[in-house]
Amino acid sequence: MLARYFHTPVALGLSQAAVVTLLALAVMLVARRKSIHVERETLSSLARGIFQIVAVGLILIPVLKGPVALGFLAQAVMIATAAGIAARRAEGIPGAFGVSLAAITAGSAAIVLPLVLFGVIEMRNHSLVPIGSMVIANAMTSCSQALERFRADVVARTGFIEAALALGASSESAALPCVQGAVTAAFIPRIDTLRSLGIVWIPGMMAGMLLSGSDPVYAAIYQFVVIAMIYASSGIAAMTGVLLIRRRAFSPAEQLLLRPGKTAWRNVAS
């Protein structure tokens, strides 16, 4: 229907974007009626999303056709940006950006680099950049989920943790249920993705490979490789992030620093 009224690719794309934006805003308003306030984040995310993807679309071809070093530089920028976004989910935690940066770098590098060396990922930007971006984006999401869940669980279990510490438990033991809950929560979407692969979800990469003439079995197996890669990198990012942030939840004297209230972390000196 839209194609009948908009005859240039840009005009058609803008009209399509307007339709989905209205749907997203409608969902936001429904949430608002239920006293779920995500207006600010939704509006800023929609504006950032359309601006960023258009900007990347304009420069992506030179990057994909450029030298491999440019591809690695692009991924370094992606990791730094992803760390900044994930750190916002751990607001109030000192060093959240450094923790997120270490977790996402570990999750991405530990998977992408060996697979490049073994030839699973072609050492060319047209493979390295899109696959690397998928891995980094999913590592960021898992890191965000794990940090937010750990923070919420520690705040909710403050009494339990302090009681355990008073009885002589180590901070590692006292926070263990929070660590387990946070990492498990981060794993759930990746496990569900693997379970639903090919039945509920037919990835765009596989569809593109089939339409370009690739062998159907190879296209399916390669898609599985990518999803398994995302599972592994996401798991590493979640575990690294939670284990690093757990150390920051306690003082050297094993006092719990994370507290309920406006100021999430108690100053040791106070």
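**Figure 1. Buried residues make up 33% of the 270 residues in the chain.** Buried means under 20% relative accessible area, exposed means over 50%, and partly exposed lies in between (1.4 Å probe, protein chains only). The model is predicted: local features need pLDDT of at least 70, side-chain atom pairs count only at pLDDT 80 or more, and totals for chains, interfaces and linings use all residues. Residues are numbered from 1 along each chain as its sequence is written, and side-chain values use heavy atoms, with hydrogens and water left out. The chain exposes about 15800 Å². Carbon and sulfur atoms supply 68% of that area. Accessible areas come from the Shrake-Rupley method with a 1.4 Å probe; for residues, only the protein chains shown count as cover.

**Figure 2. The chain has eleven helices and zero strands.** Helices (H or I, at least four residues) and strands (E, at least two) are DSSP runs, numbered from the N terminus. The C-alpha trace spans about 70 × 50 × 35 Å along its principal axes. Of the contacts with a separation of 6 or more, 67% join residues 24 or more positions apart. Contact means heavy atoms within 4.5 Å.

**Figure 3. Glu39 pairs with Arg32 in a salt bridge.** The structure holds four salt bridges. A salt bridge is a side-chain nitrogen of Lys or Arg within 4 Å of a carboxyl oxygen of Asp or Glu. Here the N to O distance is 2.8 Å. Glu39 is buried, at 16% relative accessible area. Arg32 is partly exposed, at 45%.

**Figure 4. Arg149 and Asp153 form a salt bridge within helix α6.** Helix α6 covers residues 125-156. Arg149 is partly exposed, with a relative accessible area of 34%. Asp153 is buried, at 16%.

**Figure 5. Glu122 meets Arg124 in a salt bridge.** The distance from N to O is 3.5 Å. Glu122 is partly exposed, at 36% relative accessibility. Arg124 is also partly exposed, at 47%.

**Figure 6. The chain carries 21 positive and 11 negative side chains.** Lys and Arg count as positive, Asp and Glu as negative; His and the chain ends are not counted. The centres of the two sets lie 7 Å apart. Each charge is placed at NZ of Lys, CZ of Arg, CG of Asp or CD of Glu. Side chains of opposite charge can pair when their charged atoms come close.
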